[in-house]
Amino acid sequence: MEQRDDFQRATVRTYVYVWLGLLMLTGLTVSAAGMDLGQLGVLVALLIAGV
Amino acid sequence: MEEHKDTIGSKIGMWIFLLSEVILFGGLFVLYSAYRYKFRGDFHLAAMDLNKIFGTLNTLILLTSSLTMAMSIASIRKGLRLSSFAYLSATVLLGLLFLGNKFVEWSAKLGHGIYPNSPDLLGRNSGEVLFFGLYYAMTGLHGLHVLVGVGILSVMGYFVVNGRIKKTDFILLENSGLYWHLVDIIWIFLFPLFYLIT
């Protein structure tokens, strides 16, 4: 039972880490959009979104 | 007689449905790419009219709603019905907040005379007309999906409360979660294509 609780705690922690990672990537995408990357802009934005 | 449940079949069915959704939006993304290639300058001009802050805010709202959705499923797996319901309610509220933002954003666009067939829009270059046509069609179709998702998740909330969705049988909630995550992912692609790439 204890082992299972640990597993479930780890799952919730993973969800929160993934969420934080996605928020950071959103910030990165918005910042990258502010830079003048020319034709590469589309590629960079979609690559970050794809991650 | 005990009710027969085919959990695996149910999940496969959901994935096939999601695949059809990917094909639906995929077609629109291809259309967007083709027109963007043809009218690069016009798309650049038109995209500058969209509000990045609204787009970013809605992205954060949907990402957070995906977290609360996953937490709701994690809770029901532990048998925590109240917690599952609370996370599900938060997901529904975030979905409504997304739609509220969309409403304000669209109202502002309509107020500025930017809507399909408006005299203001028809006076612009053809690429800009196409950009806004695609903007309304794609974000509108996505918004419709969010609205449907909010409805489905509300019904799931009712099922969690009345015990139809429980620790030993939560496939309905899991499939609804898959749908909600797909709606989130589609937005993750709409956001940079319309709001960020100028």
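**Labels and their grounds**

Modeller: Start with B:Leu50, which counts as buried at 6% relative accessibility. Keep in mind that this is a predicted model.

Colleague: What makes B:Leu50 count as buried?

Modeller: The cut-off for buried is under 20% relative accessible area. B:Leu50 has 6%, so the label applies.

Colleague: Where is B:Leu50 placed, and what is B:Leu50 in contact with?

Modeller: B:Leu50 sits in the loop between helix 2 and helix 3 of chain B. Neighbours within four places in sequence aside, B:Leu50 contacts B:Lys109, B:Phe131, B:Phe132, B:Tyr135, B:Phe194 and B:Tyr195.

Colleague: Now a loop residue from elsewhere. Why is B:Asn117 called exposed?

Modeller: Exposed means over 50% relative accessible area. B:Asn117 has 64%, so it is exposed. B:Asn117 lies in the loop between helix 4 and helix 5 (119–122) of chain B. Its phi is positive, about 70°, although B:Asn117 is not a glycine.

Colleague: On to the helices. How many helices and strands does chain B have?

Modeller: Chain B has 7 helices and 0 strands. Along the sequence the pattern reads α-α-α-α-α-α-α. The C-alpha trace spans about 65 × 30 × 25 Å along its principal axes. Of the 198 residues of chain B, 49% count as buried.

Colleague: Why are helix 6 and helix 7 of chain B called roughly antiparallel?

Modeller: Helix 6 and helix 7 of chain B pack at about 160°, with axes 10 Å apart. Angles over 145 degrees count as roughly antiparallel. Therefore the two helices are roughly antiparallel to each other. Their crossing is left-handed. The residues of this contact divide into 21 nonpolar, 5 polar and no charged.

Colleague: And helix 4 with helix 7 of chain B: how do you know whether they are parallel or antiparallel?

Modeller: Helix 4 (residues 81–111) and helix 7 (residues 171–196) of chain B pack at about 30°, their axes 13 Å apart. The limit for roughly parallel is under 35 degrees, so helix 4 of chain B is roughly parallel to helix 7 of chain B. This crossing is left-handed.

Colleague: Which residues make the contact of helix 4 with helix 7 of chain B?

Modeller: Helix 4 of chain B contributes B:Ser84, B:Leu88, B:Thr91, B:Gly95, B:Phe98, B:Lys102 and B:Glu105. Helix 7 of chain B contributes B:Leu173, B:Trp180, B:Trp187 and B:Tyr195. By class, the contact has 6 nonpolar, 3 polar and 2 charged residues.

Colleague: Last label. Which residues touch the most other members of the largest nonpolar core?

Modeller: They are B:Phe131, B:Phe132, B:Met138, B:Ile165, B:Leu173 and B:Phe194, out of 52 residues in that core. Helix 1 (7–38), helix 2 (40–47), helix 3 (52–77), helix 4, helix 6 (126–162) and helix 7 of chain B each supply at least two residues. Helix 7 of chain B gives the most, with 14 residues.

Colleague: What does B:Ile165 touch?

Modeller: B:Ile165 touches B:Ile76, B:Met156, B:Phe159, B:Val160, B:Phe170, B:Leu172 and B:Leu173, not counting residues up to four places away in sequence.

Notes. Residues are numbered from 1 along each chain as its sequence is written. Chains are lettered from A and ligands numbered from 1 in the order in which they are written. This is a predicted model: local features need pLDDT of at least 70, side-chain atom pairs count only at pLDDT 80 or more; totals for chains, interfaces and linings use all residues. Side-chain values use heavy atoms; hydrogens and water are left out. Axes are lines fitted to C-alpha atoms, for helices over the stretch in contact, and angles run from 0 to 180 degrees between N-to-C directions. Helices (H or I, at least four residues) and strands (E, at least two) are DSSP runs, numbered from the N terminus. Angles under 35 degrees count as roughly parallel, over 145 as roughly antiparallel, 65 to 115 as roughly perpendicular and the rest as oblique. A crossing is left-handed if the near helix is turned anticlockwise from the far one by less than a right angle, and right-handed if clockwise. Contact means heavy atoms within 4.5 Å. Ala, Val, Leu, Ile, Met, Phe, Trp, Tyr, Cys and Pro count as nonpolar, Asp, Glu, Lys and Arg as charged, and the others, Gly among them, as polar. A nonpolar core is a set of buried Ala, Val, Leu, Ile, Met, Phe, Trp, Tyr and Cys residues joined through side-chain atoms within 4.5 Å. Buried means under 20% relative accessible area, exposed over 50%, partly exposed in between (1.4 Å probe, protein chains only).
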